[in-house]
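Please keep the sequence and the 3D view open while reading.

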Amino acid sequence: MQLTTRQIELVQATIPALQEHGIELTRYFYNRMLSNNPDLKEIFNLGNQRNDAQPQALASAVLAYAQNITTLQNLGSAVSQIAHRHVSLNIQPDQYPIVGTNLLHSISEVLNVPMDSELIEAWAAAYQQLADILIQAEANLYQQQQKNKGGWHGWKKFKIVDKQKESSEITSFYLQPIDNSPLPTYQPGQYISVRIMVPQLGIRQPRQYTLSDSSHPNYFRISVKKETADQQHDAGYVSTTLHEHYQIGDEIEVTHPTGTFSLHNPDKNTVLISAGVGITPMIAIVNTLAAKKNPHQHISFIHACRNSNVLAMHQHIIELQQTMPNLHSYLACENPGTALTADKTGWLDLYELDKTLLPADADYYICGPKPFMRTQYQALLNLHIPENQIFMELFGTGGLSQLAA
């Protein structure tokens, strides 16, 4: 669907209002839509509503869409991320009109614009344009998943076959299909959606978790950080429920692995930089590279943590190094105590590292909290690592990936 010149002008004219009232608009939108369509509460993660992460992300996304309305090609990678996240949540084409109707009414009601105005008509055309792009991209992904050996479409029942504590915060869950069917091969770094009943809410809730091991035909592994309450954040609905209530033998629902963050070139020198639970895709990547047994490939595993209690899977890296002389590790720990030997006490600073850990020809992968990723990304650029060699995965609700979500 092509927008007219007048419709484009009208959408662009709303940019100042979106900059000023965007978060107000998106909060109103989610409240309106979920009140009118309570069944959607099992699709949207209500924790991201409670902590304002999703309204903030959608506000940024709507603004970015308006700002790029004449150059949608600039949003290509973001649109791909959206499509993968939607497929992970089993979003269907018939849900787009529900979102669109509530979005248009929210624009009308928050910005005090009549529903029969030119502006609402322009935004309706803009939304439909984006919806058409996403629906087609998602259809292609669904089709590819069903073609994969062992692939499926939608939610599938799994059971927990093992549960292992990795640190004071992180526990690994091993998942197998109830029907014992073989699992599809996935790329290290990709994720699945998990959906469970949350007693506190009385409904099922989804959450996306990175697969924390290399691809295996018989099980998936996710390593879940328990999001506990503090002065700034409430406890995580899904993570807390998994940690405290789900045991070996319990059933959960799972979608097909997907995601755009994955190992791009398994034969190239590779540097993995992570913090906290951001270690999970890095473990999947390093395990995949370990299986290749390429002695000429340089691999750097660089990790940052708060203290020894929250450090997960460190022993696994130590054991891998015993059989992989090409694997080089570096650990920065803010408070290592006496139980942990770290390479640095304090925050990770890439400028301080031996340059052999940061080869110029390597691909770089970063995962962790947003401030951490921003710092490491800028440091790599300052160290003359080309932007096209840097790949990032942000944990949590992210920017444009929530557009029309």
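## Strands around β1

In this predicted model, strand β2, which covers residues 170-177, pairs with β1 in the antiparallel sense, and seven bridges join the two. Four residues lie between β1 and β2, and the two strands form a hairpin. Within this pairing, the residue of β2 that stands opposite Ile160 is Leu175.

Strand β1 (residues 156-165) has a further antiparallel partner in strand β6, residues 251-254, and here the pairing runs over four bridges. Lys159 has Glu251 of β6 as its bridge partner.

## The annotated globin region

The UniProt record, an unreviewed entry, places the feature "domain: Globin" at residues 2-139.

## Packing of α1 and α7

Helix α1, residues 5-13, packs with helix α7, residues 118-147, at an angle of about 100 degrees, and the axes of the two helices are 9 Å apart. Because angles of 65 to 115 degrees count as roughly perpendicular, α1 and α7 are therefore described as roughly perpendicular to each other.

On the α1 side the contact is made by Arg6, Gln7, Leu10 and Val11, while α7 contributes Glu118, Leu119, Glu121, Ala122, Trp123, Ala125 and Ala126. Sorted by class, the residues in this contact of α1 with α7 are seven nonpolar, one polar and three charged.

Ser300 is part of strand β8, which spans residues 299-307. With a relative accessibility of 0%, Ser300 counts as buried, because that class takes in values under 20%. Leaving aside residues up to four places away in sequence, Ser300 touches Thr270, Val271, Leu272, His328 and Leu357.

Thr260, by contrast, is found in the loop between β6 and β7, the latter being residues 270-275. Its relative accessibility is 34%, so Thr260 counts as partly exposed, a class that lies between the limits of 20% and 50%. When residues up to four places away in sequence are again not counted, Thr260 touches Ser80, Gln81 and His84. Thr260 and Met197 are 63 residues apart along the chain, and their C-alpha atoms are separated by 28 Å.

Key
Residues numbered from 1 in each chain as written. Predicted model: local features only at pLDDT ≥ 70, side-chain atom pairs only at ≥ 80, totals over all residues. Heavy atoms only, no water. Axes fitted to C-alpha atoms, helices over the stretch in contact; angles between N-to-C directions. Parallel < 35°, antiparallel > 145°, perpendicular 65-115°, else oblique. Contact = heavy atoms within 4.5 Å. Nonpolar A, V, L, I, M, F, W, Y, C, P; charged D, E, K, R; others polar. UniProt positions renumbered as here; feature names shortened; annotations may be inferred. Pairing = 2+ DSSP bridges. Buried < 20%, exposed > 50% of the residue type's maximum accessible area, 1.4 Å probe, protein only.
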